[in-house]
Amino acid sequence: MADLKERLLPPKPHSAINLRDTAYRSSASGRQPFQGMDVLGLKKRGQGLRSWIRVDTSGNSQVIEVDKFTMMRRCDLPARDLRLLDPLFVYPSTILGREKAIVVNLEQIRCIITADEVLLLNSLDSSVLHYVVELQRRLTTNVVGEVWQSDATGLNRRRGSRNLDDVFGSPSPDYLPFEFRALEVALEAACTFLDSQAAELEIEAYPLLDELTSKISTLNLERARRLKSRLVALTRRVQKVRDEIEQLMDDDGDMAEMYLTEKKRRMETSLYGDQSLLGYRSTDGASVSAPVSPVSSPPEARRLEKSLSIARSRHESMRSSESATESIEELEMLLEAYFVVIDSTLNKLTSLKEYIDDTEDFINIQLDNVRNQLIQFELLLTTATFVVAIFGVVAGIFGMNFSIPLFDDTGAFKWVLIITGVTGVVIFSSFVWFFKHRRLMPL
């Protein structure tokens, strides 16, 4: 991985070294630095260059520096599609099928896939390096398998045996074009990355939620709040990838548009057909560059040419429709496999969110229970305060400045305390019975 990182690092531009040396020599000689040099034009020319990692169909990788407009002409892409790959902006996951390229923006994997190469923005991110390594491994393995298959087929033909035809005679039904293999590695990297983050979140979430149910504290509540924020953000990213794959699966036109190898082959076949037709005209004695007069050319040749053109167009249309149907099935099976994976990740996050919601409901029930206990204690305390206030009322009545015969009785004070206490107990018991009868207190 370290060797790959050093190999994929963007080379140090020589222009910066030359400018630094020139500025130093100019300042040392007493002249004005950058005199006679178009610095603004140099900045404008340098700002568009970006480092890209190019991987071809054989698995060879190299670092190239291409500006934006060259990349647009090279891949036949509009500027808004390249803006999706800009690392300075954050865009949701997107898979776009264009005429000559597939634009992929899946988490850290931002690349352009064509029929002959994959172009990634050069980055030191581990996901990008893993993507390059995995793509090279699969492409190299496929090339070795094809060589082995061709050698075995040639040996079988030389021996005249037909026992190995079923094994080596035809390509595997699971064979995918180059763009689909690159897209598969990108989908696998994105799904694996999101699934690993979901697994890490689960490992962290469940012990925290179990601890929160047993001990409600400010620290645990703050940790649960941060956990839920991370869960919502990750769920949104997973949901976007899932929706993008589902949208592609629902649109046959978009899937057919992504079959770049077949479109390139049809274009080359049409070009070769036109060249062969021009060669046929030249063999008849007519000039290719000069227009052919319909009067001078024989009617049989024109009729034959017209019938050949109609037959070739019908054959090409039938073959393209059949290949398009097969390519749609291949791509649909590929997308369906990773749709199941990303849907499983989304189900994990949904289950975790439901567990968090259940924990919140349980905590709310506990808090409501504690609140009800406090309210009951407040009712009892209020009733006890009312009972104690009765003694204050009696003391205030007997403390008035007037004389009654009861003051002369020695046992009057004892009877006043007994009667007041019994009255308070009766009132307190009545309140408690009323609260229980109204279900305001537990039985």
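1. Let me start with a term: a salt bridge here is a side-chain nitrogen of Lys or Arg within 4 Å of a carboxyl oxygen of Asp or Glu. With that rule in hand, Glu 134, Arg 137, Arg 138, Glu 184 and Glu 188 are linked in a network of salt bridges. The count by this rule comes to 24 salt bridges.

2. A word on what you are looking at. This is a predicted model, in which local features need pLDDT of at least 70 and side-chain atom pairs count only at pLDDT 80 or more, while totals for chains, interfaces and linings use all residues. Residues are numbered from 1 along each chain as its sequence is written, and side-chain values use heavy atoms, with hydrogens and water left out.

3. Take the pair Arg 50 and Asp 86, a salt bridge whose closest N and O atoms are 3.1 Å apart. Arg 50 sits in strand β1 (residues 50-56) and Asp 86 in the loop between α5 (79-83) and β3 (94-97), so the pair ties together parts that are 36 residues apart in sequence. The element names come from DSSP runs, numbered from the N terminus: helices are H or I with at least four residues, and strands are E with at least two. For accessibility, buried means under 20% relative accessible area, exposed over 50%, and partly exposed in between, with a 1.4 Å probe and protein chains only. Arg 50 is partly exposed at 31% relative accessibility, whereas Asp 86 is buried at 10%.

4. Glu 360 deserves a stop of its own. This residue is found in helix α12 (residues 299-398), and forms a salt bridge with Lys 228, the closest N and O atoms being 3.1 Å apart. Since Lys 228 belongs to helix α9 and Glu 360 to helix α12, the pair ties together parts that are 132 residues apart in sequence. Glu 360 has a relative accessible area of 33% and is partly exposed; Lys 228 is also partly exposed, at 27%.

5. Asp 357 pairs with Lys 353, and their closest N and O atoms are 3.4 Å apart. The two are four residues apart in helix α12, so about one helical turn separates them. Asp 357 counts as partly exposed at 23% relative accessibility, and Lys 353 counts as partly exposed at 37%.

6. Now for some helix packing. The axes of α8 (residues 178-214) and α9 (residues 218-250) come within 10 Å and cross at roughly 155 degrees; axes are lines fitted to C-alpha atoms, for helices over the stretch in contact, and angles run from 0 to 180 degrees between N-to-C directions. The two helices are therefore roughly antiparallel to each other, on a scale where angles under 35 degrees count as roughly parallel, over 145 as roughly antiparallel, 65 to 115 as roughly perpendicular and the rest as oblique. The crossing of α8 and α9 is left-handed, a term used if the near helix is turned anticlockwise from the far one by less than a right angle. Among the residues making the contact are Leu 187, Phe 193, Leu 194 and Leu 201 of α8, and Leu 227, Leu 231, Leu 234 and Val 238 of α9. Contact means heavy atoms within 4.5 Å. By class, this contact of α8 with α9 has 16 nonpolar, two polar and five charged residues. Here Ala, Val, Leu, Ile, Met, Phe, Trp, Tyr, Cys and Pro count as nonpolar, Asp, Glu, Lys and Arg as charged, and the others, Gly among them, as polar.

7. Back to helix α12, where Leu 331 lies. Leu 331 is buried, with a relative accessible area of 0%. Leaving aside residues up to four places away in sequence, Leu 331 touches Phe 180, Leu 183, Met 255 and Met 258. The C-alpha atoms of Leu 331 and Pro 177, 154 residues apart along the chain, are separated by 10.0 Å.

8. Finally, two backbone points to check by eye. Asp 76 is not a glycine, yet has a positive phi of about 55 degrees; its place is in the loop between α4 (68-75) and α5, and at 42% relative accessibility Asp 76 counts as partly exposed. Glu 107, not a glycine either, has a positive phi of about 55 degrees. Glu 107 is found in the loop between β4 (102-106) and β5 (109-113) and is buried, with a relative accessible area of 16%.
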